[in-house]
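Welcome! Please have a look at it first, and then read on.

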Amino acid sequence: MENSFDAVVVGAGVAGLYAVYKLRGRGMRVRGFDSAAGVGGTWYHNRYLGARCDVESIDYSYSFDEELQQEWTWSERFAEQEEILRYLDHVADRHDLRSAYEFSTRVTGAEYDGRWTVRTDTGRTVDARFLVLATGVLSATNMPDLPGRDSFAGELYHTGAWPHEPVEFAGKRVGVIGTGSSGIQAIPVIAETAAHVTVFQRSPNYSIPARNHPLTPEYVAEIKASYPERRRLSRISGGGTPTSPHPRGALEVDAAERTRIYDQWWERGGYLFAKAFPDQTTNLAANDTAREYVEAKIRELVHDPDLAEQLIPDDHPIGTKRIVTDSGYFEAYNRENVTLVNLRRTPITEITPQGVRTEDTLHELDMLVFATGFDAMTGSLSRIDIRGRDGRTLRDEWSAGPRTYLGLTVAGFPNMFLVSGPGSPSVLANMVLTAEQHVDWIASCLDFLDDNGVTTIEATEDAVTAWVAECNANAAATLFPTANSWYLGANIPGKPRVFMPYIGGLGKYRAICDEIAADGYRGFVLGDPASAEVKAMLAELALPDVTQYDPAKLREIIRSRRAPLTRQPAMRIAEDHVIPGPGGDLKLRIYVPHHETPLPVLVFAHGGGFVFCDLDSHDEFCRSMAASVEAVVLAVDYRLAPEHPGPAAMEDLYAALVWATEHAADYGGDPARIGVAGDSAGGNLAATVCLAARDRGGPRIAGQVLLYPVIDDDFATESYRHYGEGYYNTETAMRWYWAQYAPNGTDSPYLVPTRAESLADLPPAVVATAELDPLCTSGDDYARRLREAGVAVNALRFEGLFHGFLTIPALSLTEPAREKLWQLMRDLLASRSVKDSLRDEGTPHGR
């Protein structure tokens with residue numbers, strides 16, 4: 001199972017699915033996780049009766065796939081949950097998005113250390129360059145901690161975590177706690193069959209009839225024909241739908257005109273009533289005209305005058321909490337089987353096994369439904385232990401309220417993107433179009449990074465501070481902060497009161513994001529592909545132009561630059577030994593560390609473009625490997641090209657492997673645990689010797705370790721495009737090396753392992769690559785091909801590092817990278833019983 005990716009996407013809802021689609025389209029390796037058993041996000045969990053979207057279905061749909069827009073036909077104006085989930089299932093199948101996901105898997109932690117390491121509740125750990133959090137703004141359910149809640153003996157549900165099997169209300173006494181969106185949608189439907197419904201209301205809400213109806217074929221055809229213009233208008237609008245308010249303010253027209261406009265929006269139905277006039281949520285006097293209109297309608301709909309007054313909000317201007325879209329909510333209170341309990345008059349004191357006790361009585365119930373909403377916008381993120389640069393936690397960074405730049409990024413958390421996060425229009429706009437806008441912006445950003453050879457992007461603290469101030473200023477210019485809404489987190493005890501969405505409108509927000517990108521991503525720190533230390537080391541290491549020297553002279557130049565041998569760390573045995581080889585005497589250098597035997601054995605081939613390097617060039621590396629992996633290392637002084645073209649070097653390594661199986665025990669080695677390893681050209685030799693051993697029925701190899709291996713002679717890869725020059729190893733040099741090693745072509749699998757007809761039945765592998773290496777893409781691709789052939793692989797990519805760095809101990813980044821590698825190698829060469837059991841259980845080696 002693959003463990004290393006270009007991006008991890010958390011969430012399989014509207015935003016997550018599109019993120020996977022878009023990033024895969026860039027050629028990225030993407031892994032998605034979702035705690036649910038399938039796609040859908042909010043629409044997977046919110047299955048309660050009456051659940052509908054309050055954005056019209058023709059707008060609450062993807063715009064990225066024109067054929068999908070034309071082929072899919074919505075049945076109703078406001079689609080119900082089942083139809084929306086069916087649509088998202090269809091999209092996932094249409095674009096094969098499920099294959100990117102691991103479902104029923106909750107992400108528990110993510111930590112940045114050059115790459116993002118992501119942990120899950122299934123024990124799975126993966127790493128990726130980018131982390132995309134599409135966790136949803138209404139996904140973390142809020143279950144009030146009422147005394148005795150868990151003692152209730154009847155059926156207990158939360159609308160945000162509704163069971164998949166049908167819930168029967170017929171003949172039952174049902175209590176519903178909460179009159180937000182889910183409660184208002186569910187109560188009329190439950191009342192149709194329940195024996196009695198008791199509604200426990202803390203804060204009444206404004207709600208507008210949905211006026212839902214089936215969509216006629218003629219209307220659908222008209223919409224499909226005009227989709228391009230409809231989408232254009234939606235993207236420049238405030239809320240992501242092609243609607244606009246009256247051109248004049250509510251107080252700038254006379255009473256008759258004002259009533260006419262309100263009548264139109266009331267009859268049209270839906271939450272957009274809040275936008276009938278442009279000043280409804282900025283001017284209290286204008287807001288009062290809308291409030292008084294709706295309150296009069298409620299008094300008409302509810303027959304009992306006292307009950308009507310209890311259902312009319314008195315604590316916030318209309319529209320500053322999201323107006324609910326309902327189907328017969330107020331009329332439900334005219335039914336004899338519906339009772340309202342006003343918790344402001346008689347608060348809940350406890351939940352008992354029999355029901356809900358308020359200050360004045362016990363309400364006996366058979367079923368209790370919590371319609372208490374969500375820890376919105378930040379709740380799903382706060383439930384993940386997210387740690388950025390220097391170990392800082394997102395929880396601590398947001399302890400006084402969420403702080404983002406554009407709702408997309410957070411200072412101190414490189415290469416982490418939020419989709420529809422706090423500080424973006426998010427819940428104040430059409431969530432499908434806002435998700436598409438965010439994901440498209442992220443994808444364009446990644447294009448920019450790749451085109452400019454940049455590894456990381458991170459918001460500056462100044463940019464975050466300025467953006468938070470702008471969001472606060474926009475909100476303060478409205479009436480929204482006067483309401484204790486979930487927009488401010490007011491429904492969650494102890495949560496900081498901060499207005500979380502960007503309220504300036506989707507069209508304005510899109511323009512800001514585009515302007516920042518066009519200005520070279522103003523407000524972001526763009527990480528150089530190499531640190532200052534790495535750049536200095538690259539300048540120091542610059543090789544001569546290999547094409548200008550004959551191989552013998554080149555070897556002489558490279559030897560002259562080599563530092564004296566330190567012969568450290570010390571070994572129990574470090575000796576040269578000569579064995580018979582296919583071309584004559586073959587020298588080995590055998591390293592035995594100070595550890596208890598028997599030890600695993602590694603037959604090692606050094607790098608050097610098949611042309612140079614020797615046992616001395618890799619002496620320190622082999623000693624460190626032997627000591628840290630706790631293995632006997634047999635370094636092979638194989639024949640070099642062009643005097644001995646390939647596959648001569650591979651045949652030397654094969655001879656050393658055969659000798660090791662026969663003589664490993666003489667040096668404290670375990671003949672049952674013999675692996676092969678190599679760096680650069682040596683990685684090629686290790687890979688091809690595994691093929692030869694398989695094809696010839698040769699020695700059983702316990703594992704192969706390929707370190708930034710030379711896999712093939714494909715120079716058209718992404719890594720060659722970005723890092724083919726200027727990063728020590730170059731395309732020019734690689735073309736020359738291949739010409740020396742394979743003058744007669746590279747058709748043989750013993751020269752290029754990907755030429756093999758099959759990679760099945762090869763030893764488990766550790767494949768390590770370096771980002772700034774032109775060989776990186778081919779190494780990553782070989783790891784993928786091995787996995788597809790059924791080989792257990794642990795792949796590790798070292799970001800910001802270059803070809804050959806593992807043999808440069810003076811570089812400060814080398815030691816921590818080696819430690820990661822040594823651990824994977826120890827796991828790979830663990831005792832046979834452990835390793836075999838891992839293979840039998842299908843468990844990946846290493847991390």
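Where is the place of Ser-426? Ser-426 sits in the loop between β18 (416-418) and α14. Keep in mind that this is a predicted model. The points below start with the backbone, go on to helix pairs and end with a pocket.

**Backbone details in loops**

- Ser-426 is not a glycine, and yet its phi is positive, at about 45 degrees.
- Thr-597 and Pro-598 are joined by a cis peptide bond, with omega at about 5 degrees. To find Pro-598, look in the loop between β22 (584-592) and β23 (599-605).
- Another cis peptide bond runs from Ala-641 to Pro-642, and its omega is near 5 degrees. Pro-642 belongs to the loop between β24 (632-636) and α20 (648-663).

**Helices α8 and α9**

- Helix α8 covers residues 255-268 and helix α9 covers residues 284-301; their axes lie 11 Å apart, at an angle of about 55 degrees.
- An angle of about 55 degrees is why α8 and α9 count as oblique to each other.
- The crossing of α8 past α9 is right-handed.
- On the α8 side, the contact is made by Arg-258, Thr-259, Tyr-262, Asp-263 and Trp-266. On the α9 side, the residues are Ala-286, Thr-289, Ala-290, Tyr-293, Val-294, Lys-297 and Leu-301.
- Sorted by class, this contact of α8 with α9 holds seven nonpolar, two polar and three charged residues.

**Two partners of helix α16**

- Helix α7 (residues 227-236) packs with helix α16 (residues 506-518) at an angle of about 80 degrees, and their axes are 5 Å apart. That angle makes α7 roughly perpendicular to α16.
- Ser-234, Arg-235 and Ile-236 are the α7 residues that meet Leu-506, Gly-507 and Arg-510 of α16. By class, the contact of α7 with α16 has two nonpolar, two polar and two charged residues.
- Helix α14 (residues 431-451) also packs with α16, at an angle of about 0 degrees and with axes 11 Å apart. The two helices, α14 and α16, are therefore roughly parallel to each other.
- From α14, Thr-434, Gln-437, His-438 and Trp-441 take part in this contact, and from α16, Leu-506, Tyr-509, Arg-510, Cys-513, Asp-514 and Ala-517. The contact of α14 with α16 divides into five nonpolar, three polar and two charged residues.

- How much space lies in the second largest pocket? The second largest pocket holds about 1000 Å³.
- Its lining has 37 residues, and the closest to the centre of the pocket are Leu-541, Ser-617, Tyr-728, Thr-807 and Ile-808.
- Which helices each supply at least two residues of this lining? They are α17 (532-541), α19 (619-629) and α23 (731-741).
- By class, the lining of the second largest pocket has 19 nonpolar, eleven polar and seven charged residues.

Technical notes: Residues are numbered from 1 along each chain as its sequence is written. This is a predicted model: local features need pLDDT of at least 70, side-chain atom pairs count only at pLDDT 80 or more; totals for chains, interfaces and linings use all residues. Side-chain values use heavy atoms; hydrogens and water are left out. On a 1 Å grid over the protein atoms alone, a cavity is a set of points where a 1.4 Å probe fits but cannot get out, and a pocket is an open set with protein on both sides within 12 Å along at least five of seven lines; lining residues have an atom within 4 Å of a point. Grid points are joined across faces, edges and corners, and a volume is the space filled by probe spheres set on the points. Helices (H or I, at least four residues) and strands (E, at least two) are DSSP runs, numbered from the N terminus. Ala, Val, Leu, Ile, Met, Phe, Trp, Tyr, Cys and Pro count as nonpolar, Asp, Glu, Lys and Arg as charged, and the others, Gly among them, as polar. Axes are lines fitted to C-alpha atoms, for helices over the stretch in contact, and angles run from 0 to 180 degrees between N-to-C directions. Angles under 35 degrees count as roughly parallel, over 145 as roughly antiparallel, 65 to 115 as roughly perpendicular and the rest as oblique. A crossing is left-handed if the near helix is turned anticlockwise from the far one by less than a right angle, and right-handed if clockwise. Contact means heavy atoms within 4.5 Å.
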